[in-house]
Amino acid sequence: MAVFTKGLQQRRFCLMDGMLLCLLFVVLYAVLKLGAGMGVSFSPEQRPVIDLDPLGLPYYAGRSLLRMFIAFGASLIFTIFYGYVAAKSRTARKVMVPLLDILQSVPVLGFLSATIVAFMAFFPGSLLGVECASILAIFTGQAWNMTFSFYHSLITIPKDLQEASDMLHLNWWQRFVHLELPVSAISLIWNGMMSFGGGWFFLAASEAITVLGEDIHLPGVGSYLAAAVDAGDISAMLYAMAAMLLMIFLVDQFFWRPLVVWGQRFKLELSESETQPVSFIYDLLHGSWLVNQIFRWSIYPAARGFNRFMDTVANITESGMQVAEVRWKGEWLRSVFWGLLGLFICYMLYRPVIGAFSMLYGIGTSGIIEALHLGFLTWLRVMAALVLGALWTIPAGVWIGMNPRLAEKLQPVVQMAAAFPANMIFPLLIIVFVNLNVNFEYGSVLLMMLGTQWYILFNVIAGAMSLPNDMLEAAAVFKIHGWKKWKSVILPGIFPQLVTGFVTASGGAWNASIVSEIAGWKDIDLTATGIGAYINLATAAGDWPKIVLGITAMCVFVVTINRLVWGRLYKLAETKYHLD
Amino acid sequence: MKNLLELKNIGKTFSIKENKDTVILEDINIQVKEGEFLAILGPSGSGKSTLLRIIAGLIPSSGGSVVYLGKAIQGINPGAAMVFQSFALFPWLTVLDNVMLGLEGSRLTEEEKEKKSMQVLDVVGLDGFENAYPKELSGGMRQRVGIGRALVSEPDILLMDEAFSALDVLTAENLRRDLLELWLEKKIPTKAIILVTHGIEEAVYMADRAVILSSGPATVVENITIDIPRWRDRKSPEFLAYVDRIYSFMTKKKAVAELIEQRKKTALLPSVTAGALTGFLELLEDLNEKTDLYKLADRFMMDIEDFFPLVEAASLLRFASVTEGDIELTEEGKAFAQATVLARKELFRRQLLQQVPFVQQMMQILQSKSNKQMNIEFFENLLCHSFEQEAAAKQLDLLIGWERYAELIEYDDDKEVVYLPESA
């Protein structure tokens with residue numbers, strides 16, 4: 001555990017510590033107060049009402065933030081367990097990795113309705129059910145990406161370090177603490193940061209939702225905005241957006257920046273790079289007497305105790321496994337275990353699957369064809385959103401990426417813009433659409449593009465930054481300019497990153513389709529024909545067969561396109577356009 | 001003296017799909033006595049690192065057993081610690097923590113562990129660096145940490161896997177000396193050291209005994225006791241005699257002659273480009289005499305490791321001949337080295353067709369096709385009869401490179417198709 005807590009020295013108490021102390025109590029109090037609000041009772045007569053007074057906004061923001069962090073914590077725990085088991089067990093890996101791949105590409109927002117209903121049944125008469133469903137939605141937006149990164153780190157641990165750990169006779173816990181966790185720390189932090197940024201979208205989408213004919217508003221910034229839209233209160237809308245922007249900024253400064261700086265110690269390469277990330281907050285905390293004391297008297301001893309406990313557990317389980325292996329011949333025991341687990345899963349899945357099939361059967365062929373047709377329309381919209389997004393982001397991204405100084409300044413801004421949930425800007429555009437009488441069949445493409453363009457921009461900047469200088473110089477020497485330069489130097493050069501950008505953007509666009517094909521302003525409802533609106537309407541009406549059909553159709557589309565289009569482009573990027 | 005460690009009939013086969021297994025090690029028997037410093041020598045790819053990992057218990061052998069103190073080991077060898085070529089330090093741990101990790105499995109208290117680690121740091125010459133991180137240290141210092149980490153648990157056997165190869169010449173020499181001093185003056189409780197290396201001089205300088213492995217599949221070719229008093233002088237005639245003797249064992253027996261015969265049967269090409277081969281032949285031509293291979297490698301400042309494939313390629317195409325560790329250009333070789341670019345291609349084409357049966361086979365297949373072209377997958381599958389998938393692809397890559405140089409074929413990378421040039 002010493003790995004994670006190293007580097008504290010003697011400090012003196014100073015004024016800053018007093019301020020930190022106050023801050024600590026404020027945070028503790030806020031968490032308790034906000035947490036208490038999560039379990040209030042909830043019934044058709046007793047719905048939480050969102051107050052549009054801006055003074056209530058900090059409370060709502062706090063509730064949203066709490067939800068985000070709970071979801072993130074859950075994602076982290078899930079990531080470590082799932083990734084660890086998948087990396088360690090060959091048998092488990094065969095199931096777990098493809099499953100993760102599918103979970104990652106499925107538009108999770110489509111499932112929101114189903115999970116809300118399930119959780120409401122689980123916590124009858126309490127808002128906790130809806131709260132859990134919202135947290136689950138954020139969780140599903142974060143977890144898969146992080147798990148993949150952790151799994152990938154675990155299976156790519158340098159071989160010499162693994163062999164060294166073997167030779168040092170480390171047990172599984174020591175190996176986890178000294179090798180596996182540190183090796184994956186940097187990519188885990190980085191992916192956590194990105195996933196957290198993506199989570200805001202799901203937060204905003206899941207707080208205010210109509211399920212089975214009931215409007216549910218969880219106290220939070222997303223609901224505040226939704227309420228403002230219903231009331232047609234533009235200033236309240238702007239307040240909500242400002243609050244959201246502030247939240248993103250503060251979380252970045254107070255949570256992620258310090259973590260990124262702290263994570264630098266886990267760099268694998270043995271050479272020191274020139275530019276180190278810096279964080280004012282990290283320096284402040286690192287240099288503080290108070291933080292030092294807290295670590296010395298509570299966190300260190302706790303970590304040491306936990307470490308000792310896990311160490312003992314690891315020793316016992318390891319010798320136990322050896323005994324088991326000798327007595328049971330290992331293999332046999334393992335296959336029985338996996339067999340039983342498989343049977344259990346089949347048993348658990350049996351009824352829902354049968355139910356789903358009979359439901360689909362009830363709808364009939366025409367219903368299925370309709371759903372597929374709608375899926376196709378949404379697919380066209382997704383493609384249009386990507387192309388439109390690419391049209392401005394590619395030139396802009398290349399321009400930014402090729403000016404290092406500009407890139408340094410603009411990248412944090414782009415990151416913020418990407419994290420800002422696009423669905424919170426939708427209402428502003430809807431007002432414009434309503435006033436200008438824009439056809440929403442096309443207008444919704446613009447909404448979709450709003451959230452997804454950043455992913456392309458992001459990756460294009462990264463691609464342009466990594467264009468080798470000698471290639472650009474060669475282009476200049478041979479007088480390659482204009483379109484020819486784009487065609488033969490720039491576009492092939494950024495191709496791999498461009499594909500990554502498109503894949504991420506397409507995933508985002510499918511998710512966005514659920515909230516962007518249907519929108520309202522005061523009492524005007526705008527609907528575009530597509531699978532997203534179909535799922536949304538089915539959810540509001542509580543039409544289960546249609547919900548299941550809609551989600552299935554969408555998943556089929558997404559997975560097929562991933563395999564057919566993006567998979568191939570990825571391969572092309574890896575082979576032909578690989579710069580080395 | 002009793003045997004500390006004994007390798008009995010060790011064999012290692014890597015099984016590949018279908019029925020083709022690659023035998024890496026075959027019937028290896030080695031005994032290590034208490035107080036012995038053993039060097040394991042062999043050309044690259046001879047499986048000496050694999051052998052060391054079998055001794056360590058990192059990978060299981062396919063046959064035979066590793067016996068430590070009279071008991072066959074299961075899993076990691078309880079009496080061994082290892083020093084790695086790449087150091088294998090944990091970059092997020094300080095020097096002290098890295099060394100303390102060597103005691104993680106022991107029952108000592110934290111204080112005892114720290115005390116012992118500090119002592120070891122003192123022994124390996126890292127006093128005062130305990131709080132530094134590996135990235136702050138030079139390569140030599142890093143390897144000292146690696147040695148300290150291995151020594152701290154007081155292993156009976158210290159395994160060193162090319163421990164000095166990643167260091168620059170002076171640093172490596174310094175570290176060799178320091179380690180030898182610890183060992184000779186019994187400052188460490190280690191009972192035996194096994195060093196895997198491809199450096200003949202390193203082995204003769206440090207070890208009491210050298211075991212020489214042949215390449216593919218590796219067997220023990222020779223077991224030489226190095227009987228020179230310490231400290232040894234690298235310039236002394238005795239020393240040079242040992243170096244020369246070991247060198248001729250490594251090149252003579254099986255190493256080159258047999259390998260080439262074996263390769264001809266399977267059309268296995270050494271991994272060398274046509275350009276590198278040309279350069280090598282030109283250099284040989286400039287020397288204009290029969291030359292000792294070892295001196296040649298030394299002169300070009302190359303490792304023997306990089307050198308062997310060139311020698312193999314030259315002898316495979318009969319541009320040079322190797323006898324008793326000496327290399328000489330053949331008539332074809334001389335003609336090639338003196339020829340113009342176009343004439344060289346002609347000569348190369350002729351030798352390639354004559355000496356590599358698979359090339360003939362490829363040409364015949366292409367000739368017999370009406371469109372004179374063929375998907376490379378077809379040839380890859382042909383090669384898969386003799387090699388595993390990955391090796392077959394690599395072989396085909398090499399073959400195509402050579403054939404393109406000889407202007408025998410042309411190749412379309414996009415379509416992955418080879419075809420005969422128009423004029424042919």
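# Briefing: chains A and B

Lys12(B) sits opposite Leu25(B), a residue of strand β2(B). The model is predicted. Chain A is split into two stretches, domain 1 (52-268) and domain 2 (345-580). Chain B is assigned domain 1 (3-252), domain 2 (256-355) and domain 3 (357-424).

**The sheet of chain B**

- Strand β1 (residues 3-15) of chain B pairs with β2(B) in the antiparallel sense, over nine bridges.
- The open sheet has four strands, in the order β2-β1-β4-β5 (chain B), with antiparallel pairing.
- β2 (21-33) and β5 (71-72) of chain B are the edge strands; each has a single partner strand, so one side of each lacks a neighbour in the sheet.
- Helix α1 (residues 48-56) of chain B packs on this sheet and touches β1, β2 and β4 (63-68) of chain B.
- The direction of α1 makes about 60° with that of β2(B).

**Domain 2 against domain 3 in chain B**

- Here, 12 residues of domain 2 of chain B are in contact with 14 residues of domain 3 of chain B.
- On the domain 2 side, helix α13 (residues 341-355) of chain B gives the most, with five residues.
- That side of domain 2 of chain B has seven nonpolar, three polar and two charged residues.

**Domain 1 against domain 2 in chain A**

- The C-alpha centres of domain 1 and domain 2 of chain A are 20 Å apart.
- Domain 1 of chain A puts 30 residues in contact with 30 residues of domain 2 of chain A.
- Elements giving two or more residues to the domain 1 side include α4 (90-105), α5 (112-122), α8 (172-207) and β1 (208-211) of chain A.
- Helices α9 (221-231) and α10 (234-263) of chain A also give two or more residues to that side.
- The largest share of the domain 1 side, seven residues, comes from α10(A).
- By class, the domain 1 side has 23 nonpolar and seven polar residues, and no charged ones.

**A hairpin in chain A**

- Strand β3 (residues 518-521) and strand β4 (residues 524-527) of chain A pair in the antiparallel sense over four bridges.
- Trp521(A) has Ile524(A), in β4(A), as its bridge partner.
- Two residues lie between β3(A) and β4(A) in this hairpin.
- Lys522(A), in the turn, has a positive phi of about 55°.

**Chain B against chain A**

- The contact between the chains takes 19 residues from chain B and 22 residues from chain A.
- The chain B side of that contact has 13 nonpolar, three polar and three charged residues.

Terms used
Residues numbered from 1 in each chain as written. Chains lettered and ligands numbered in written order. Predicted model: local features only at pLDDT ≥ 70, side-chain atom pairs only at ≥ 80, totals over all residues. Contact = placed C-beta atoms within 7 Å. Nonpolar A, V, L, I, M, F, W, Y, C, P; charged D, E, K, R; others polar. Domains from an automatic or database assignment. Pairing = 2+ DSSP bridges. Axes fitted to C-alpha atoms, helices over the stretch in contact; angles between N-to-C directions.
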